Amino acid sequence: MVFDLDETLLDRRKSLQAFLYYQFSKLIEPYNNVKYEVYEKRFLEFDNNGYIWKDIVYKQLIEELEIKNASIRILLDDYVNNFNKFIIPMENSYEILMFLRNKNIKLGIITNGKTSLQKMNIDALNLTDFFDVILISEEVGYKKPQPEIFLKSLKMLDIESHETLFIGDHVENDIKGAKNAGIMALLFDAKRENINFENRIENLMEIIKYIQ
């Protein structure tokens, strides 16, 4: 069984909001006439669920909100060095992983992103020991939805596509990507944004019914 990371095992939005409050209080509020609600809202919009790299996000924030005394480099370094300290796991992530481990099911992670950052996030979640294989797009040279990264996980886990279930929150990158590699995919739809989607769950513990 293979998992996505962000918004599947890691509650990225809650983690990001916790970090942004810390960053705003330390680097923005003392020197600028900017409200936190505006800072958070615009960051989340520019960030686009993590698909826009943070140097661009911070450049846009600084220009639009006229932020002083905090350069792109200062804010970006703060993100790189401290975001992982505010990591929040997705509800029931540990419980389902313990259940699967006790069933002797091979486990993998496939995630897009920067290698160093994603490794820090995975370590902060204390997830490493659960998984047999962890693939990060920058390190592998492929990214979801490219089938190559899914097929590489199968080879490393020594399992066949028809034996595998992939769980992720993104319809294009996770679900279509896995299916294009011949892998059954399960949409994790905790926000109930795709209620008519076939093979979806709203809670990670619902995975159990797909393996029994």
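Which residues line the second largest pocket? The lining is made up of Met1, Ile105, Lys106, Ile159, His162, Glu163, Thr164, Leu165, Met184, Tyr210 and Ile211. The model is predicted, so that local features need pLDDT of at least 70 and side-chain atom pairs count only at pLDDT 80 or more, while totals for chains, interfaces and linings use all residues. Residues are numbered from 1 along each chain as its sequence is written, and side-chain values use heavy atoms, with hydrogens and water left out.

A pocket here is an open set of points on a 1 Å grid over the protein atoms alone, where a 1.4 Å probe fits, with protein on both sides within 12 Å along at least five of seven lines, and lining residues have an atom within 4 Å of a point. The second largest pocket holds about 180 Å³ of space, a volume being the space filled by probe spheres set on the points, which are joined across faces, edges and corners.

The count of salt bridges (a side-chain nitrogen of Lys or Arg within 4 Å of a carboxyl oxygen of Asp or Glu) comes to 17, among them these pairs:

| Pair | N to O distance |
|---|---|
| Glu45 and Lys41 | 2.7 Å |
| Arg200 and Asp189 | 3.0 Å |
| Arg200 and Glu202 | 2.7 Å |

Lys41 and Glu45 also belong to a network of salt bridges that includes Arg42 and Glu64. On relative accessible area (buried under 20%, exposed over 50%, partly exposed in between, with a 1.4 Å probe and protein chains only), Arg200 counts as buried at 16% and Asp189 as buried at 4%, whereas Glu202 is partly exposed at 28%.
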